[in-house]
Amino acid sequence: MAVTKDEIIEALKEMPALELSELVHELEDVFGVSAAAPVAVAAAPAAGAAAEEEEEKTNFDVELTSFGANKIAVIKVVRALTSLGLKEAKEAVEGAPKVLIEGAKKEDAEAAKKQLEEAGAEVTLK
(Lines give C-alpha, C1' and ligand atoms only; values in the text may rest on other atoms or scores of the structure.)
Protein backbone atom coordinates (compact mmCIF):
# COMPACT_ATOMS: atom_id res chain seq x y z
CA MET A 1 0.00 0.00 0.00
CA ALA A 2 1.63 3.25 -1.18
CA VAL A 3 1.16 6.50 0.68
CA THR A 4 0.41 9.54 -1.48
CA LYS A 5 2.10 12.89 -1.20
CA ASP A 6 -1.18 14.50 -0.11
CA GLU A 7 -1.56 12.00 2.73
CA ILE A 8 1.96 12.79 3.94
CA ILE A 9 1.26 16.53 3.87
CA GLU A 10 -1.97 16.08 5.83
CA ALA A 11 -0.14 13.97 8.42
CA LEU A 12 2.55 16.66 8.74
CA LYS A 13 -0.09 19.37 9.24
CA GLU A 14 -1.48 17.46 12.20
CA MET A 15 1.92 16.96 13.88
CA PRO A 16 2.94 19.12 16.85
CA ALA A 17 5.78 21.55 16.07
CA LEU A 18 8.29 19.77 18.32
CA GLU A 19 7.59 16.43 16.67
CA LEU A 20 7.85 18.01 13.22
CA SER A 21 11.20 19.54 14.12
CA GLU A 22 12.51 16.16 15.28
CA LEU A 23 11.28 14.60 12.02
CA VAL A 24 13.16 17.21 9.97
CA HIS A 25 16.39 16.47 11.87
CA GLU A 26 15.89 12.74 11.41
CA LEU A 27 15.28 13.18 7.65
CA GLU A 28 18.42 15.28 7.41
CA ASP A 29 20.42 12.49 9.05
CA VAL A 30 18.89 9.70 6.97
CA PHE A 31 19.29 11.43 3.59
CA GLY A 32 22.46 13.39 4.38
CA VAL A 33 20.96 16.79 3.55
CA SER A 34 20.33 20.00 5.42
CA ALA A 35 17.08 21.98 5.29
CA ALA A 36 19.00 25.20 6.03
CA ALA A 37 21.52 24.94 3.17
CA PRO A 38 19.26 26.20 0.32
CA VAL A 39 18.25 29.24 2.36
CA ALA A 40 21.85 30.16 3.17
CA VAL A 41 22.95 29.76 -0.43
CA ALA A 42 20.08 31.91 -1.69
CA ALA A 43 20.72 34.63 0.89
CA ALA A 44 24.44 34.96 0.18
CA PRO A 45 24.14 36.33 -3.39
CA ALA A 46 21.43 38.77 -2.33
CA ALA A 47 23.68 40.20 0.38
CA GLY A 48 26.56 40.49 -2.08
CA ALA A 49 24.36 42.29 -4.60
CA ALA A 50 23.22 44.78 -1.97
CA ALA A 51 26.83 45.58 -1.08
CA GLU A 52 27.68 46.14 -4.75
CA GLU A 53 24.71 48.50 -5.17
CA GLU A 54 25.88 50.64 -2.26
CA GLU A 55 29.39 50.90 -3.70
CA GLU A 56 28.09 51.88 -7.14
CA LYS A 57 25.67 54.53 -5.88
CA THR A 58 25.85 57.56 -8.14
CA ASN A 59 22.80 59.58 -7.10
CA PHE A 60 22.45 61.11 -3.67
CA ASP A 61 19.87 62.99 -1.65
CA VAL A 62 21.13 66.09 0.17
CA GLU A 63 19.46 66.25 3.57
CA LEU A 64 19.63 69.30 5.79
CA THR A 65 19.80 67.92 9.33
CA SER A 66 20.23 71.25 11.16
CA PHE A 67 20.57 74.88 10.13
CA GLY A 68 23.05 75.72 12.86
CA ALA A 69 23.57 79.20 14.29
CA ASN A 70 23.32 81.18 11.03
CA LYS A 71 19.84 80.44 9.69
CA ILE A 72 19.76 83.41 7.30
CA ALA A 73 22.95 82.34 5.52
CA VAL A 74 21.61 78.79 5.20
CA ILE A 75 18.33 80.08 3.75
CA LYS A 76 20.28 82.05 1.13
CA VAL A 77 22.24 78.95 0.11
CA VAL A 78 19.06 76.85 -0.01
CA ARG A 79 17.44 79.43 -2.29
CA ALA A 80 20.47 79.41 -4.59
CA LEU A 81 20.61 75.60 -4.74
CA THR A 82 16.91 74.84 -5.11
CA SER A 83 15.26 77.85 -6.80
CA LEU A 84 12.77 78.04 -3.93
CA GLY A 85 11.25 81.36 -2.99
CA LEU A 86 12.18 83.07 0.27
CA LYS A 87 9.15 81.73 2.18
CA GLU A 88 9.59 78.16 0.88
CA ALA A 89 13.34 78.18 1.58
CA LYS A 90 12.73 79.45 5.11
CA GLU A 91 10.13 76.74 5.71
CA ALA A 92 12.48 74.10 4.33
CA VAL A 93 15.32 75.23 6.60
CA GLU A 94 13.11 75.45 9.67
CA GLY A 95 11.64 72.03 8.86
CA ALA A 96 15.01 70.30 9.22
CA PRO A 97 15.71 67.44 8.95
CA LYS A 98 14.54 67.74 5.35
CA VAL A 99 15.76 66.47 2.00
CA LEU A 100 16.57 69.53 -0.09
CA ILE A 101 17.88 67.90 -3.26
CA GLU A 102 16.91 64.42 -4.46
CA GLY A 103 18.83 62.25 -6.90
CA ALA A 104 21.80 64.59 -7.40
CA LYS A 105 25.03 63.37 -8.95
CA LYS A 106 27.80 62.72 -6.47
CA GLU A 107 29.79 65.82 -7.44
CA ASP A 108 26.73 68.08 -7.29
CA ALA A 109 25.62 66.63 -3.96
CA GLU A 110 29.08 67.13 -2.45
CA ALA A 111 29.24 70.70 -3.76
CA ALA A 112 25.82 71.48 -2.26
CA LYS A 113 26.87 69.90 1.03
CA LYS A 114 30.04 72.00 1.08
CA GLN A 115 28.10 75.24 0.43
CA LEU A 116 25.55 74.47 3.12
CA GLU A 117 28.22 73.52 5.66
CA GLU A 118 30.14 76.73 4.91
CA ALA A 119 26.94 78.62 5.74
CA GLY A 120 26.79 76.80 9.10
CA ALA A 121 24.34 73.98 8.37
CA GLU A 122 24.70 70.31 9.16
CA VAL A 123 24.14 68.12 6.08
CA THR A 124 24.11 64.41 5.30
CA LEU A 125 24.22 62.68 1.94
CA LYS A 126 22.00 59.65 1.53
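Close-up 1. A salt bridge is taken here as a side-chain nitrogen of Lys or Arg within 4 Å of a carboxyl oxygen of Asp or Glu. Because E117 and K113 are 4 residues apart in helix α6, about one helical turn separates them. Both are partly exposed, E117 with a relative accessible area of 39% and K113 with 26%; buried means under 20% relative accessible area, exposed over 50%, and partly exposed in between, with a 1.4 Å probe and protein chains only. The C-alpha atom of E117 is also separated by 10.0 Å from that of S66, a residue 51 positions away along the chain. The model is predicted, so that local features need pLDDT of at least 70 and side-chain atom pairs count only at pLDDT 80 or more, whereas totals for chains, interfaces and linings use all residues. Residues are numbered from 1 along each chain as its sequence is written, and side-chain values use heavy atoms, with hydrogens and water left out.

**Close-up 2. In helix α5, the side chains of E94 and K90 meet in a salt bridge of 3.1 Å from N to O.** E94 and K90 are 4 residues apart in the helix, and therefore about one helical turn separates them. E94 is partly exposed at 37% relative accessibility, and K90 is likewise partly exposed at 38%. A search of the whole structure finds 5 salt bridges.

**Close-up 3. A salt bridge links E63 with K126, whose closest N and O atoms are 3.2 Å apart.** E63 lies in strand β1 (residues 59-66) and K126 in the segment after β3 (122-125), so this pair ties together parts that are 63 residues apart in sequence. E63 is buried, with a relative accessible area of 12%, whereas K126 is partly exposed, at 47%. Across the chain of 126 residues, buried residues make up 17%.

**Close-up 4. Helices α4 and α6 (residues 106-118) have axes that come within 8 Å and cross at roughly 160 degrees.** The axes are lines fitted to C-alpha atoms, for helices over the stretch in contact, and the angles run from 0 to 180 degrees between N-to-C directions. The two helices are therefore roughly antiparallel to each other, a term for angles over 145 degrees, while those under 35 count as roughly parallel, 65 to 115 as roughly perpendicular and the rest as oblique. The crossing of α4 and α6 is right-handed, meaning that the near helix is turned clockwise from the far one by less than a right angle. The chain has 6 helices and 3 strands; helices (H or I, at least four residues) and strands (E, at least two) are DSSP runs, numbered from the N terminus.

**Close-up 5. S83, in the loop between α4 (71-82) and α5 (86-94), has a phi near 65 degrees.** This is a positive value in a residue other than glycine. S83 counts as exposed, at 69% relative accessibility.

**Close-up 6. L27, V30, F31 and V33 form a nonpolar patch on the surface, with about 420 Å² of accessible area together.** Patches are made of residues with over 30% relative accessible area and no salt bridge, where like charges are joined within 9 Å and nonpolar side chains (Val, Leu, Ile, Met, Phe, Trp, Tyr) within 5 Å. Accessible areas come from the Shrake-Rupley method with a 1.4 Å probe. V30 belongs to helix α2 (residues 17-31) and is exposed, with a relative accessible area of 58%.
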